[in-house]
Amino acid sequence: VRYYNQCREKWRKRALDNQQKVRLLSQKAVDLEKSREQWKAEALDSRNEIKRLKRELEKFQKKKKLRK
């Protein structure tokens, strides 16, 4: 009986440890997803800013050519 109780306690401990690992990994996945979305949004904003600045540069270059 004592052997079975020890086995059960070991199994319980492993199960609790595994549950904790699953919770931590799930939270980490959520955090990584949020971080990824933030970086993605920032990258898209930067890309749009670059496009806007390129258009503005082209506009000024055309004006400069017309003045010559």
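Tutor: A salt bridge here is a side-chain nitrogen of Lys or Arg within 4 Å of a carboxyl oxygen of Asp or Glu. By that rule the side chains of E49 and R52 form a salt bridge, with N and O 2.7 Å apart. The model is a predicted one, and every value below is computed from it.

E49 and R52 both belong to helix α1, where three residues, about one turn of the helix, separate them. E49 has a relative accessible area of 36% and is partly exposed. R52 is also at 36% relative accessibility and counts as partly exposed, because the partly exposed class runs between the 20% limit for buried and the 50% limit for exposed.

The structure holds five salt bridges. Another of them joins the side chains of D17 and K13, at 3.3 Å from N to O. These two residues also lie in helix α1, which covers residues 2-67, and they are four residues apart, about one turn of the helix. D17 is partly exposed, at 32% relative accessible area, whereas K13 is exposed, at 54%. E37 pairs with R36, and the closest N and O atoms of that salt bridge are 3.8 Å apart. E37 is partly exposed, with a relative accessible area of 38%.

Now the setting of these pairs. The chain has one helix and zero strands. Its radius of gyration is 29 Å, well over the 11 Å that the globule rule gives for 68 residues, so the chain is more spread out than a compact globule. Along the principal axes, the C-alpha atoms fill a box of roughly 100 × 10 × 5 Å. Of the 68 residues, 0% count as buried. The accessible surface of the chain is about 7300 Å², and carbon and sulfur atoms account for 56% of that.

A search of the whole structure finds one aromatic pair. The rings of Y3 and Y4 have centres 5.7 Å apart and planes at 70°, so this pair is edge-to-face. Y3 is exposed at 56% relative accessibility, and Y4 is exposed at 62%.

Notes
Residues are numbered from 1 along each chain as its sequence is written. This is a predicted model: local features need pLDDT of at least 70, side-chain atom pairs count only at pLDDT 80 or more; totals for chains, interfaces and linings use all residues. Side-chain values use heavy atoms; hydrogens and water are left out. The radius of gyration is taken over C-alpha atoms; the globule rule is 2.2 Å times the number of residues to the power 0.38. Buried means under 20% relative accessible area, exposed over 50%, partly exposed in between (1.4 Å probe, protein chains only). Accessible areas come from the Shrake-Rupley method with a 1.4 Å probe; for residues, only the protein chains shown count as cover. Rings of Phe, Tyr and Trp (its six-membered ring) pair if their centres lie within 6.5 Å; planes under 30 degrees apart count as stacked, over 60 as edge-to-face and the rest as tilted.
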